[in-house]
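This briefing goes through one protein chain by topic. Look at the sequence and the structure first, then read the points below.

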Amino acid sequence: MEYNFKEIESKWRAFWAENKTYKVVEDPSKPKFYVLDMFPYPSGAGLHVGHPLGYIASDIFSRYKKLKGFNVLHPMGYDSFGLPAEQYAIQTGQHPAVTTEQNINRYRDQMDKMGFCYDWDREVRTSSPEYYKWTQWIFKQLFDCYYDKDLKKAVRISDLIKKFETNGNAGVNAETDLEDDFSASEWQGFENEQKEKVLQHFRLAYLADSWVNWCPALGTVLANDEVVNGVSERGGHPVEQKRMRQWSMRIKAYADRLLEGLDRVDWFESIKEQQRNWIGKSKGASAFFSLEKGDDKIEVFTTRPDTIYGVTFMVLAPEHPLVEKITTSEFKDKVEEYKKMASLKTERDRQSDVKNITGQFTGAYALHPFTGDKVQIWIGDYVLASYGTGAVMAVPCGDQRDFDFATHFGLEIKNIFQDIDISERAYAEKDAAIVNSDFLNGLSAKEAIEVAVAKIEQMGIGKGKVNFRLRDAVFSRQRYWGEPFPVCYKNEIPYLIDDKNLPVELPEVDKFLPTEDGEPPLARAHKDAWNYFEGDRMEYNTMPGWAGSSWYFLRYLDPKNENEFAARDKIDYWGNVDLYVGGSEHATGHLLYSRFWTKFLFDLGYIPFDEPFKKMINQGMILGRSSFVYRIKDSNKFVSSTLKDQYDVTPIHADISLVENDKLDIEGFKSWRPEFKNADFITEADGSYVCGHEVEKMSKSKFNVQTPDELVEKFGADTLRMYEMFLGPVEQSKPWDTKGINGVHNFLRKLWRLFHDQNGDVCLSSDQPSKEALKTLHKTIKKITDDLDRFSLNTGVSNFMICVNELTDQKCNNKTILEQLTILLSPYAPHISEELWIKLGNEAGTMTFAKFPEFNEEYMKESSFEYPVSFNGKMRFKVYLSLELNPKQVEEHVLGLEEAGKWLEGKTPKKVIVVPGKIVNIVL
RNA sequence: GCGGAUGUGGUGAAAUUGGUAGACACGCCAGACUUAGGAUCUGGUGCCGAGAGGUGUGCGGGUUCGAGUCCCUCCAUCCGCACCA
């Protein structure tokens, strides 16, 4: 019997499903291992070959860990709320739940064909009410907590209220944007409405008027990580700044812990670095500059307090609250004009207009805190209102932007760096000694920073301070297809819905569009359409896409629990994710938010860990390899790629299914589209047409999408699994190319032949395995184990090929050897392994729970070694020598060889290096 | 500008601790077989050279008996962040 992958694969797929082979339950007798894939958004296009890359890798690893005796949790689900389903719904009127369901079914079908070992009984969908009930519940906890900076953790808001009742907000060290002070009696005198307003400044999920990224085309706000280069990440629509009342998450409270936790996880450095940049911690000092006139003070933030004597002017953001107050009447009009101009610029304009220096003098002066000198106060849009204090002390000698500003407007530039020429540009390094700076003179930058901060604090004009770039995350979206908030309003004060009434389900609406008054789609729902309704109205916004994905890894632990998001004993057993596999594009979104929620749930004692993902592997993107045909201008004639330079041609994408090894299927191309029906071809001498190619993102419009289904059909899932791994290291981006897939397929056929005779009958020997075969096997065991442990799955495939090549040369059909090999291979190619497993006389379905072979060094022992002999580091010849020889003996033997004499050229070697079992190097 | 990653044959790549550069595969070349199968088998294939040999891991330098691997300078490509004070 030939290797009939179709029959074998469908047989085992059915077997696994029927027997629930991959179902897992808590088992205290075994160590646990949690392998997680980033769950997909089920889009209408289905999976292409790039999606399963990470799933295959994690599947191999899960199967390996099972064979190693671990109880492996390996679940899958769907991030099923999101924009595309809703936009499709707006166009067609089809309910997003319906399209989502269809897409999920297609994804499931595609994944099943790959032979993944997911425990599908644990599937979660973020859009199902049973799931989002708990997303709502977590939101409620966030609403009900504030961040205590002394305890460095989230604490219930009731504790805060107690403090307010006894002491007002004096002595409260909480993460808040509230600046006013109030006493206990003032607090007690507040109306409920006023109290809630105050509390909103403390809650971790809070309602506030804030500047948000508004995307008119999508009709919704976006989080910072959803805006890329001033346009929306999805769809590329323009985004503008708008002030709106929105739910936000006080993620800033966790900035320091999010930074610190990165040191405790095993992730790629690039991802950690991206998160560090995004959090953007900078240490420095804040200092108050008093004004020449009036009692107001301007607070600035600087990372270089050592350069304070270089200050020659100040710049405020145009939106800075003091601008209006300090501007002299003489400059009022000009300042107003500048402010207006700045406000009209979108974020995008400001970014693309970095080189253009603009600003306006306010007419006011501040006093230098040390020298008492008058310094001009300007406004300029290079100073951002949202970072630091919205004001900078300008040090043109030490900061290029300040330098450019000063040069442009002819402001003074004072040099405070010893032996540094600043006539051309600012000196931003920290290597020069400080001069012209009174008490800082002669100090290095590092020393001067400390001394300056101490002095500033001593004088009471400021203090050492840490600033973060991270902003609080906007949490409401004006969309339909998302989690409803467990919130209602009474007199416009938000109230939480009681746990017993959760989930608040998505109500039916007549259209998925905003109302005429611009309210979100949920405002269309009639009171009766809500499964629960309270107060004057329910919250109309829905949660953003990252809400459901911020905690899904916890739900897999106990997916059907109706009373808790997961039972504590299950959480304790499974713990956090041991290996997380997914794309790196989530570095500043999902991966940051899920860490935030994990830390929060840890603070409240619901989970015993504060980092969700211990180790993470980020698979590279699989790019498409587009094929091109070249049409000669104004004709229907196509010229082969190698000859195209002789003509004036237009490249046209050809569907990659019509191309094999860059050769075009000419007849197929003619019938592909009507306009090519009568096409002519200028071919190579052998009559073939060679296509050009280019690496691009996979997309329908480029006809370069490769679906896994086609390849499973053609070669089988085992071949595709191994081929995707064979392509190169998982973390590397690479273009998809089916060129080498035959090689992998042939390998599996060759493996099959080891078990069968020429007639295709099973033919296995039960004799003692040969020494040679044992050596091959154990060499392979060692390599495969090492490869898996360091996630080098491409070399794993190579090592299987080497093994099968060697066993074929040895004509090995030994049962013991082949059985061990089958177990080794089963994580990579589970279907064929199961089939061979029963041919070896084992019971169906027991393969998954077999024991992974152990490497035994005994079989690898050699008595001799083929030494490479080098002269001056150049390998010249090889010689077999006993490994029992000591270095001196090796040297003597090698120097006595005729071959050596040729290279010695009669000279006496200066030195001979012998590394036993490795190399001989002769230095002449 | 800052940060991260990468650079090896015609192609995908390997070389885990400094020790035979190019494993394994694709492709290509030559041949065998034939039940014509997306077969199988044998040999070859970094580059230059008829050969002996020379040369070779982005460039240039250094350390070392020995460097793809370690150090320094530079170049190129990709990714992320960016008027962040």
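At 56% relative accessibility, Asp 180 counts as exposed, because exposed means over 50% relative accessible area, buried under 20%, and partly exposed in between (1.4 Å probe, protein chains only). The model is predicted: local features need pLDDT of at least 70, side-chain atom pairs count only at pLDDT 80 or more, and totals for chains, interfaces and linings use all residues. Residues are numbered from 1 along each chain as its sequence is written, chains are lettered from A and ligands numbered from 1 in the order in which they are written, and side-chain values use heavy atoms, with hydrogens and water left out.

**Surface patches**

- Asp 180 sits in the loop between helix 6 (157-167) and helix 7 (184-189); helices (H or I, at least four residues) and strands (E, at least two) are DSSP runs, numbered from the N terminus.
- Together with Glu 179, Asp 181 and Glu 186, Asp 180 makes a patch of negative charge on the surface.
- Patches consist of residues with over 30% relative accessible area and no salt bridge; like charges are joined within 9 Å, and nonpolar side chains (Val, Leu, Ile, Met, Phe, Trp, Tyr) within 5 Å.
- A nonpolar patch on the surface is formed by Ile 913, Val 915 and Ile 919, which have about 190 Å² of accessible area together; accessible areas come from the Shrake-Rupley method with a 1.4 Å probe, and for residues only the protein chains shown count as cover.
- Val 915 belongs to strand 33 (residues 911-915) and is partly exposed, with a relative accessible area of 34%.

**Salt bridges**

- The structure holds 54 salt bridges, each being a side-chain nitrogen of Lys or Arg within 4 Å of a carboxyl oxygen of Asp or Glu.
- Glu 196 and Arg 203 form a salt bridge whose closest N and O atoms are 2.9 Å apart, and both Glu 196 and Arg 203 are buried.
- Asp 296 and Lys 325 meet through their side chains in a salt bridge (3.0 Å, N to O).
- This pair links distant parts of the chain, 29 residues apart: Asp 296 is in the loop between strand 10 (282-290) and strand 11 (297-302), and Lys 325 is in helix 11 (residues 323-326).
- Asp 296 is partly exposed at 25% relative accessibility, whereas Lys 325 is exposed, with a relative accessible area of 60%.
- In the salt bridge between Lys 570 and Asp 558, the closest N and O atoms are 3.5 Å apart.
- That pair also links distant parts of the chain, 12 residues apart, with Lys 570 in helix 18 (residues 568-574) and Asp 558 in the loop between helix 17 (552-555) and helix 18.
- Lys 570 is partly exposed, with a relative accessible area of 25%, while Asp 558 is buried, at 8%.
- A network of salt bridges links Glu 260, Arg 264, Arg 595, Lys 599, Asp 610 and Glu 611.

**The chain as a whole**

- Chain A has 29 helices and 34 strands.
- Taken along the principal axes, the C-alpha atoms of chain A fill a box of roughly 100 × 85 × 75 Å.
- Of the 924 residues in chain A, 53% are buried.
- Among the contacts in chain A with a separation of 6 or more, 71% are between residues 24 or more positions apart; contact means heavy atoms within 4.5 Å.
- The accessible surface of chain A comes to about 42400 Å², and 47% of this belongs to carbon and sulfur atoms.

Definitions and conventions: Lys, Arg positive; Asp, Glu negative; His and termini not counted. Charge placed at Lys NZ, Arg CZ, Asp CG, Glu CD.
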